[in-house]
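Please read it with the sequence and the coordinates open beside the text.

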Amino acid sequence: MTGHDDLPGPVPTGAAPTVRQPAGEPPSRTARPAPESSRATRPVPEVPRVTRLVLGAADTAARAVAAACTGIPGHRPVLDTALLPNAALGLALEAQRRSLAAAAAAYDRTAPLLGRAARALLPSGWPDAAARRAAHWSERGRAERRRAREEAAPAVHALLRSVASAVVEQMDLDAVADRVDVNRIARRVDADDVLTRVDLVAYTEQVLDALDIGRIVRDTGGSITAETLDAVREQHVRADRLVQRITARVLRRNGTEPRGAAAPAPRPAAERAPAHAAPDAPARPASPAPQQPAPDAPQRSAPDAPPRPAPVVPPSRPLPEAP
Amino acid sequence: MTPPVRGGGASPPFRAPGPSVQGLPAGLVSRTTAAVLDAGVLFAAALTAHFAYAAGRYLLLGPPFAMPDPAAWLTFSTAGTLAVGYLAGSWVTGGRTAGNQVMGLRVTSRSGHRLTLATAVVRAVLCVVFPVGLLWIPVSRRSASVQDVVVDSAVAHDWYGRTRPPVRPRAAGRDGGARS
């Protein structure tokens, strides 16, 4: 699964037994490592390492379970303070270490004898044939492991995904995000490199096309022009009223507003006339104000005529022309 | 300023409805400004005619390129005819000249009808011959000039005319012509 079978053999570590000197050589004060030939044929003491891994995983799982059970009433953590379990574990580990050391010593002493005996007793071709068969079965076993690993990979990946999803669902991502230093991440980002990979001109053209800048400019320009024109007209209307007030004050009139409203809503006759009417046909005025007597026209309506309804434009009865 | 509306290119920009002075008689300042604008239009037209005459003469007869120098009577008569035609034609056809269009004014009879050709010509002649008749506007109770008194016409505010938009609720913060 991890590809260790394709790598060289692991180096003995940890509680590997002390390598003894071959027989016949003078003993030395310090133990020296065995030659490569003896290391290659000697059984590698991986048992202590595997034992540590198993014990570490089991201890981690036990601690996780203990932490999960912290909130349970009556639970009491005993892993670190239990005397007998720790003593039994230490005794087992020491026994394992001594057993492995004894096995290694026995192997060192008996291996040369067994080799010579095998060469003397067995036919000359058997070791080579056995080595070839072993290589054959080893290669087949390696291929089977690889195939099994490939077949198990999707299932393992699916399992990992489901486990990861479950873990993520249980996580408070907001709390995780709060712990993330965004500024530190931003400082590591090369903005220039990002910008060089972005086609800003193309994006700008797309944005301008979507916004329809031409229409906005047209609408804005027309609206500004209309509002400016209205403002100018309003100023002129104020000026008109100012002149009117000054004139009324000079002439000592009572009212200051212009009177008359002789032409209310002076829209062309073609606008008000019905569709079937001739364009030049006289149409009724839109407001009743023109029906009122004109100051410099002969009085056509009776003095006691009922008042007409109020028009849209505030009318005022026209008065005779001032001298 | 009218905010841009996405996808609303077909609809015209929103404008407030007509001002409260709609239909009221125009005063001295507005009508004088309109008259000045009309005088500018006439001056530009006369200048264009001069250049056109000079260009045509240059193309047909060759150099020199010189502006025409007609006699005084011809100048005045041509200018007067041009002015009378411009004013009368504008009042008869659209009810307003270019200056009236800018100032939002409309010239009608006192009954609200469009001027007839004869009335428009007489009024135009009076405007050209006696422009100071506008000074009678502040004195008149109905803001009528001498020309209005003579031909029984009126000049009233009509800011939007045919382009008057349909009445809609006014935009917040915009008072438009209601202030006046």
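Helices and strands are taken here as DSSP runs, a helix needing H or I over at least four residues and a strand needing E over at least two, and both are numbered from the N terminus. In that numbering, B:Pro64 belongs to the loop between α1 and α2 of chain B. The model is a predicted one, and local features are described only where pLDDT is at least 70.

**Make-up of the two chains**

- Chain A contains 10 helices and zero strands, and its elements, read along the sequence, follow the pattern α-α-α-α-α-α-α-α-α-α.
- Of the 323 residues in chain A, 10% are buried, while 63% of the contacts in that chain with a separation of 6 or more involve residues 24 or more positions apart.
- Chain B has five helices and two strands, which are arranged from the N terminus in the order α-α-α-β-α-α-β.
- Chain B has 180 residues, 38% of which count as buried, and among its contacts between residues at least 6 apart in sequence, 70% join residues at least 24 apart.

**Annotated segments of chain B**

- An unreviewed UniProt entry places the feature "transmembrane region" at residues 34-53, 73-94 and 115-137 of chain B.
- Over residues 34-53 of chain B, the model is 100% helix and 0% strand, with the end C-alpha atoms 28 Å apart.
- Over residues 73-94 of chain B, the corresponding values are 95% helix and 0% strand, and here the end C-alpha atoms are 31 Å apart.

**Helix packing in chain B**

- Helix α1 (residues 28-61) of chain B and α2(B) cross at roughly 125°, and their axes come within 11 Å; this angle makes α1(B) oblique to α2(B).
- The crossing of α1(B) with α2(B) is right-handed, and the contact involves B:Leu42, B:Ala45 and B:Ala46 on α1(B) together with B:Ala79, B:Leu82, B:Ala83 and B:Tyr86 on α2(B).
- Helix α2 (residues 72-93) of chain B also packs against helix α4 (residues 117-129) of chain B, at an angle of about 135° and with the axes 8 Å apart.
- Angles over 145 degrees would count as roughly antiparallel and those from 65 to 115 as roughly perpendicular, and α2(B) and α4(B) are therefore oblique to each other.
- The α2(B) and α4(B) pair crosses in the right-handed sense; from α2(B), the residues that meet the partner helix include B:Gly80, B:Ala83, B:Leu87 and B:Trp91, and from α4(B) they include B:Leu117, B:Ala120, B:Ala124 and B:Val128.
- B:Ala83 takes part in the contact of α2(B) with α1(B) and also in the contact of α2(B) with α4(B).

**The strand pair of chain B**

- Strand β1 (residues 105-109) of chain B and strand β2 (residues 153-157) of chain B pair in the antiparallel sense over five bridges, and within this pairing B:Arg106 has B:Ala156 in β2(B) as its bridge partner.
- Strand β1(B) is mostly covered, as five of its five residues are buried.
- Strand β2(B) likewise has five of its five residues buried, so it is largely enclosed by the rest of the structure.
- Burial extends to both faces of β2(B), with B:Ser153, B:Val155 and B:His157 on one side and B:Ala154 and B:Ala156 on the other.

**Backbone details in the loops of chain B**

- The peptide bond from B:Pro63 to B:Pro64 is cis, with omega near 5°.
- B:Ser143, which is not a glycine, has a positive phi of about 55°, and this residue lies in the loop between α4 and α5 (146-151) of chain B.
- A residue counts as buried if 20 or more other C-beta atoms lie within 10 Å of its own, and B:Ser143, with 29 other C-beta atoms within 10 Å, is therefore buried.
- B:Asp152 is another residue other than glycine with a positive phi, near 60°, and is located in the loop between α5 and β2 of chain B.
- B:Asp152 has 17 C-beta neighbours inside 10 Å and so counts as partly exposed.

Note on methods: Residues numbered from 1 in each chain as written. Chains lettered and ligands numbered in written order. Predicted model: local features only at pLDDT ≥ 70, side-chain atom pairs only at ≥ 80, totals over all residues. Buried ≥ 20, exposed ≤ 12 C-beta atoms within 10 Å, placed from the backbone. Contact = placed C-beta atoms within 7 Å. Pairing = 2+ DSSP bridges. UniProt positions renumbered as here; feature names shortened; annotations may be inferred. Axes fitted to C-alpha atoms, helices over the stretch in contact; angles between N-to-C directions. Parallel < 35°, antiparallel > 145°, perpendicular 65-115°, else oblique. Left-handed = near helix turned anticlockwise from the far one by under 90°.
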